[in-house]
Amino acid sequence: MLYNFLLDKFGCDEPIFLSELSYRGKTAGALRQIMAKLVADGQLCRFDQGIYYIPEIGLFKSGRALSCEKVIERKYLFDEEKKRCGYIGGQNFANQFGITTQVPLTITVVSNKATTKERRFKLGGREILLRQPRCKIDERNFRILQLLDLISGIDRYSEITIEDGRKRMTKYMQQLPVQFGKMEQYFSYYPVKIFKNMYEMGLLRGIPA
């Protein structure tokens, strides 16, 4: 039975992508019909077109809704082998970083899976801005690229002083740790403006200048 297969393979509250599903040689159309029946029977929930999940039943009969963030992580931040291939960027990361209090309605995602330079679409009712990376993303460089993206657009995002921004950046770089030598190899992918921003924040060596 497909439901038992899905439960064993994915468990509850995990996104199930019809495009990646394979079961006993059934066609995509046949699987879609079975999934639709499971949704009608209340065994599956439909998050968005081609995306389903098994709800974990709790106090509420319908179970809790699958988060858009989990779907993004599964679809765009990691590949089928669970290797890193993307990261959250733009104002979303700036908010997480603490340099702005604005919470954007659009979630910016940078991913190797992006097939065009930039694309906007809806996912579970949320607007997504999917961007191609400046270079291929992997586990070793995604935090560096995420940080360089932020530094490159710091003037658009930051609501704090340069000094406070420098302290946050320096602390973050020391915690990773990010050395200047590791960042330097990615500078050529960014506009010259990034050097000005790094100089003003005292970050050209990854430590206070």
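View 1. Contact means heavy atoms within 4.5 Å, while helices (H or I, at least four residues) and strands (E, at least two) are DSSP runs, numbered from the N terminus. This is a predicted model, in which local features need pLDDT of at least 70 and side-chain atom pairs count only at pLDDT 80 or more, whereas totals for chains, interfaces and linings use all residues. Residues are numbered from 1 along each chain as its sequence is written, and side-chain values use heavy atoms, with hydrogens and water left out.

**View 2. An open sheet of 4 strands has the order 4-5-7-6, with mixed pairing.** Strand 4 (86-88) and strand 6 (118-123) are the edge strands, each pairing on one side only, where two strands pair if DSSP finds at least two bridges between them. From one strand to the next, the twist averages 25°. Strand 4 and strand 5 run antiparallel and are joined by 3 bridges, with Gly 86 standing opposite Ser 111 in strand 5. Strand 5 and strand 7 run parallel, joined by 5 bridges, and here Val 110 stands opposite Arg 131 in strand 7. Strand 6 and strand 7 (residues 126-131) run antiparallel with 6 bridges between them, and Arg 131 is also the bridge partner of Glu 118.

**View 3. Strand 5 is covered on both faces.** In a regular strand the side chains alternate between the two faces of the sheet. Thr 106, Thr 108 and Val 110 on one side, and Ile 107, Val 109 and Ser 111 on the other, are all buried, that is, under 20% relative accessible area (1.4 Å probe, protein chains only).

**View 4. Helix 5 meets helix 7.** The axes of helix 5 (residues 142-152) and helix 7 (residues 162-175) come within 12 Å and cross at roughly 170°. The two helices are therefore roughly antiparallel to each other, a description used for angles over 145 degrees. Helix 5 contributes Arg 143, Gln 146, Leu 147, Leu 150 and Ile 151 to the contact, and helix 7 contributes Met 169, Tyr 172 and Met 173.

Note on methods. Axes are lines fitted to C-alpha atoms, for helices over the stretch in contact, and angles run from 0 to 180 degrees between N-to-C directions. Angles under 35 degrees count as roughly parallel, over 145 as roughly antiparallel, 65 to 115 as roughly perpendicular and the rest as oblique. Buried means under 20% relative accessible area, exposed over 50%, partly exposed in between (1.4 Å probe, protein chains only).
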